[in-house]
Amino acid sequence: MDKEAIADLIDAKHSELISWLEQQPSEHWTQGPEGKWTQGQQALHLLQSIKPLNDALSLPKYVLRFKFGKANRPVRDYDAIVKRYQERLEDAKGKTFKGSQNMKVPTIADKKYILNRLQTESKKLQYKTKKISDKNLDTVILPHPLMGKMPVREIIMWTAHHVEHHTGILKAKY
């Protein structure tokens with residue numbers, strides 16, 4: 001998938017999620033199904049996952065190569081990343097990334113801020129995706145808490161799928 005297509009996918013998935021969340025009743029933001037995250041927690045989780053990616057992509061690429069190494073395999077396509085993620089989720093059996101464990105329930109007053117930040121981080125990621133070289137997209141790697149080390153191109157495609165995954169959960173539960 002080329003950079004433009006990835007940036008468009010990031011935009012489409014975030015726009016769909018944010019638009020859907022903005023139309024939901026306020027009580028769903030703070031009250032979720034028994035034992036499941038609220039809409040606010042889902043949005044906060046997505047913000048917690050995109051922010052470190054943008055922060056990492058703001059660093060000089062040589063720093064990332066020094067810290068995490070270089071890719072030692074070809075880049076997987078979108079469908080292969082999705083399939084691998086689903087397998088890893090199955091293996092994790094409901095475990096949550098440590099940054100999202102015991103997550104506080106964002107208040108309704110936090111809703112506008114969180115959705116605004118999510119949209120801003122999405123736009124940043126789109127911009128960074130278009131600006132990074134294809135070589136760096138394919139050779140610089142970053143760690144993912146569930147998937148292990150991934151080339152930047154893959155982790156950005158995964159980010160789009162991650163938003164789609166949570167949007168699907170939200171639509172099914174609410």
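**Entry 1: aromatic pairs.** I searched the whole structure, a predicted model, for aromatic pairs and found one. The ring centres of Y85 and W158 lie 5.5 Å apart and the ring planes meet at 80°, so I noted the pair as edge-to-face; the cut-off for that label is over 60 degrees.

**Entry 2: where the partners sit.** I looked up both residues along the chain. Y85 belongs to helix α5 (residues 78-92) and W158 to helix α8 (residues 152-173).

**Entry 3: buried or exposed?** I then checked how Y85 is placed: buried or exposed? Its relative accessibility is 5%, so Y85 counts as buried, since the limit is under 20%. W158 has a relative accessible area of 6% and is buried too.

**Entry 4: the strands.** I turned to β1 (residues 141-144) and β2 (residues 148-151), which run antiparallel and are joined by four bridges. I picked out P143, whose bridge partner in β2 is K149.

**Entry 5: the whole chain.** I listed eight helices and two strands, in the order α-α-α-α-α-α-α-β-β-α. The radius of gyration is 16 Å, close to the 16 Å that the globule rule gives for 174 residues, so the chain is as compact as a globular protein of that length. I also found that 44% of the 174 residues count as buried.

**Entry 6: contacts and surface.** Among contacts with a separation of 6 or more, I saw that 81% come from residues 24 or more positions apart. The chain exposes about 9400 Å², with 52% of that supplied by carbon and sulfur atoms.

Conventions: Residues numbered from 1 in each chain as written. Predicted model: local features only at pLDDT ≥ 70, side-chain atom pairs only at ≥ 80, totals over all residues. Heavy atoms only, no water. Phe/Tyr/Trp six-rings, centres within 6.5 Å; stacked < 30°, edge-to-face > 60°. Buried < 20%, exposed > 50% of the residue type's maximum accessible area, 1.4 Å probe, protein only. Pairing = 2+ DSSP bridges. Rg over C-alpha atoms; globule rule 2.2 N^0.38 Å. Contact = heavy atoms within 4.5 Å. Areas by Shrake-Rupley, 256 points an atom, 1.4 Å probe, with all protein chains shown as cover.
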